[in-house]
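This report covers aromatic contacts and the strand arrangement in one protein model. The sequence and structure come before the account.

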Amino acid sequence: MKCKVCSEHAVIDVRRHNAGFCQSHFIDHIKAQVVKTIKEFKMFEPEDRLLIAVSGGKDSLAIWDILLDLGYDATGFYLDLGIGGYSTRSKEASVRFADERGAKLIVRSLQQEHGFTVPELSRLTGRVPCSGCGLNKRYEFNRAALEEGFQVLVTGHNLDDEVATLFGNVLHWQTEQLGRQAPMLEERVFGEGGDAKTVLVRKVKPLVRVAERESAAYAVLKGIDYIVEECPMVEGNTQHRYKEAMTMLEEASPGTKAQLYFGFLKKASHRFKEEEADAPVVPCTSCGAPTLQWDDGKLPICSFCKTKTLAERNKLEGKTGAPQGRRRRRR
Ligand SMILES: [Zn+2]
Ligand SMILES: [Zn+2]
């Protein structure tokens, strides 16, 4: 197979584009896909300060690398979740990359910020680790971006991630999540200002046009030393099964994933436009993060603070959360 651009020997075959690429033209191709995505969804401008959520894996380091190459003001943010050797090694990969590229990396640890790790939180609350992990990440990424003065939070979600999420949301008809599934979520400001003001920063996913195997190939070809191992806590994660199912369809007919995802964005996502919440969004009385004010006479407390309080109480009382089976998904 030959490179589509220069006819030299191709190092990778991208079947859905029906094209092979040599090393340098593949790297150009991936960058062009990212540039196109940033423009199409009006993700950010050259003067914006970008905070990149990095995990030490191929996707987050690849998007950070691309944004640095494109000349953006891109700072990394690593959140240490305290998942044993996995967290140690993923932090090392992130620090190593930042050093090599001379890029700025902010490191925070859940243990230092809040006094617990993801495995501890799971044990103390009796909830599956991935739910606590997702909650912590959403909360801490937003908080770090606001405190450190960033306008945009960038994550390394690739095409496979977004397609698996979409597939799962459709299987369960999670209409609320479908309404929020977008490559760009605009900043949202709630309240009047002053103490009543609370903000969700803009979140973007510039890698949605790049498949998982392409971001891995990009990282390898650019010599990025990323952590290959996956989080040990995702065993049996449903997202993995959805990815496998979609990959099977993709192999039989290349382009299926992109067709499903971009077709959804073009033809269907507006039909799920976020319905007005039943309750107004107000600052959490404990931490100030946006949360819903239900008409139940209770002070508004965000789900992060609720989980943290439950974990702290159980720790104090020497209890662990009741073991639970498969929790029903919240509609
Ligand atoms: Zn070429
Ligand atoms: Zn809170």
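## Aromatic contacts and parallel strands

In this predicted model, Arg209 lies over the face of Phe262, at 4.6 Å from the ring centre. Arg49 takes up a position over the face of Phe150, with 4.1 Å to the ring centre.

Across the whole structure, a search finds seven aromatic pairs. Two of them are listed here.

| Pair | Distance between ring centres | Angle between planes | Class |
|---|---|---|---|
| Phe44 and Tyr72 | 5.0 Å | 85 degrees | edge-to-face |
| Tyr261 and Phe262 | 5.0 Å | 75 degrees | edge-to-face |

Planes over 60 degrees apart count as edge-to-face, so the 85 degrees of Phe44 and Tyr72 place that pair in this class. Phe44 and Tyr72 are 28 residues apart and link distant parts of the chain. Phe44 sits in the loop between helix 1 (23-40) and strand 3 (49-53), and Tyr72 in the loop between helix 2 (58-69) and strand 4 (73-80). Both of these residues, Phe44 and Tyr72, are buried. Tyr261 and Phe262 are both buried as well.

Strand 4 is largely enclosed by the rest of the structure, because seven of its eight residues are buried. Strand 4 pairs with strand 3 in the parallel sense over five bridges, and Ala74 in strand 4 is the bridge partner of Leu50. Between strand 3 and strand 4 the chain passes through helix 2, in a right-handed β-α-β crossover.

Strand 4 also runs parallel to strand 5 (residues 105-109), joined by five bridges. Here Gly76 stands opposite Leu105 in strand 5. The chain goes from strand 4 through helix 3 (residues 84-101) to strand 5, and this β-α-β crossover is right-handed.

Definitions and conventions
Residues numbered from 1 in each chain as written. Chains lettered and ligands numbered in written order. Predicted model: local features only at pLDDT ≥ 70, side-chain atom pairs only at ≥ 80, totals over all residues. Heavy atoms only, no water. Phe/Tyr/Trp six-rings, centres within 6.5 Å; stacked < 30°, edge-to-face > 60°. Helix = DSSP H or I, 4+ residues; strand = E, 2+ residues; numbered from the N terminus. Buried < 20%, exposed > 50% of the residue type's maximum accessible area, 1.4 Å probe, protein only. Lys NZ or Arg CZ within 6 Å of the ring centre and 35° of its normal. Pairing = 2+ DSSP bridges. Right-handed = clockwise from strand over helix to strand, strands pointing away.
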